[in-house]
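This briefing covers one protein chain.

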Amino acid sequence: MRRAALLALVAALAVAGQGCLVVALHPVYDPDSIAFEPSLVGVWTSDEDNLTVTFDRAEWHSYHLVLDDSGKTTKLSARLTRLADDVLLLDLTPVDGSEVPALTLPVHMIFRVTVGADLMTIAPLNYDRFYDMAKAGPSGLGLTIDARQNALMTASTEDLRAWLTTHANDEGVFAAQTTLKRRAPPQPGN
């Protein structure tokens, strides 16, 4: 199960688009809820695979994220938001400022994170739960299944935050978490 969660994380972080992802059209953060955790900056690795995740400080309280999966590199933008004292979410999108081809919508992927001095856990939204919710009918999230079988949420940021505030601690909303260990501390100036 941990291997499956890590593969889901890699697929999600890479925004592979091959299906079985939970994505949102709107961000889970708004300007008033963006959080910044300096302890997230640095290089993190998985003991189970050749996965390295690097978080660098970026503009507007955001992060540039570089995912290196056995030499395959993906660059993303990330923002943190806090729903409550115990719920910290990471919102990933394509790199800010990059050219997006016509007729392409940058989507948001949402992860629950905890950050300690030397350990970070990260868990994506649970695809099976959101797929079932989409098939069951209205959920308040505007859920639909796209042609690639991704679970797509069309809810506004406000509605998405309200739903997650109520349900973030419900069993099965997030998939199994992956633990990453700090490999290198933040560089001076980050």
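How many bridges join β4 to β5, and do they run parallel or antiparallel? The two strands run antiparallel and are joined by 8 bridges. The model is predicted: local features need pLDDT of at least 70, side-chain atom pairs count only at pLDDT 80 or more, and totals for chains, interfaces and linings use all residues. Residues are numbered from 1 along each chain as its sequence is written, and side-chain values use heavy atoms, with hydrogens and water left out.

**Strand pairing**

- Strands (E, at least two residues) and helices (H or I, at least four) are DSSP runs, numbered from the N terminus; two strands pair if DSSP finds at least two bridges between them.
- Thr52 has Asp68 in β5 as its bridge partner.
- The hairpin of β4 and β5 has 3 residues between the strands, and Trp60 there takes a positive phi near 55°.
- β5 also pairs with β6, in the antiparallel sense, over 7 bridges.
- Leu67 has Thr74 in β6 as its bridge partner.
- The hairpin of β5 and β6 has 2 residues between the strands, and Ser70 in its turn has a positive phi of about 55°.

**Nonpolar cores**

- A nonpolar core is a set of buried Ala, Val, Leu, Ile, Met, Phe, Trp, Tyr and Cys residues joined through side-chain atoms within 4.5 Å; buried means under 20% relative accessible area, with a 1.4 Å probe and protein chains only.
- The largest core has 27 residues, of which Phe55, Tyr63, Leu80, Leu90 and Leu92 touch the most other members.
- Elements giving two or more residues to this core are β4 (51-58), β5 (62-69), β6 (72-84), β7 (87-94), β8 (109-115) and β9 (119-124).
- Another core, of 25 residues, lies apart from it and includes Leu89, Phe130, Leu141 and Ala168.
- Beyond four places in sequence, Tyr63 touches residues including Phe36, Leu40, Val41, Phe55, Leu76 and Leu80.

**Whole chain**

- The secondary structure comes to 3 helices and 12 strands.
- Of the 190 residues, 47% count as buried.
- Among contacts (heavy atoms within 4.5 Å) with a separation of 6 or more, 58% are between residues 24 or more positions apart.

**Confidence**

- The average pLDDT (the predictor's confidence in each residue, from 0 to 100) is 86, and 84% of the residues score at least 70.
- Over residues 1-8 pLDDT stays under 50, and the model has 13 contacts beyond four places in sequence for them.
- Over residues 10-17 pLDDT also stays under 50, with 20 such contacts.

Notes
Buried means under 20% relative accessible area, exposed over 50%, partly exposed in between (1.4 Å probe, protein chains only).
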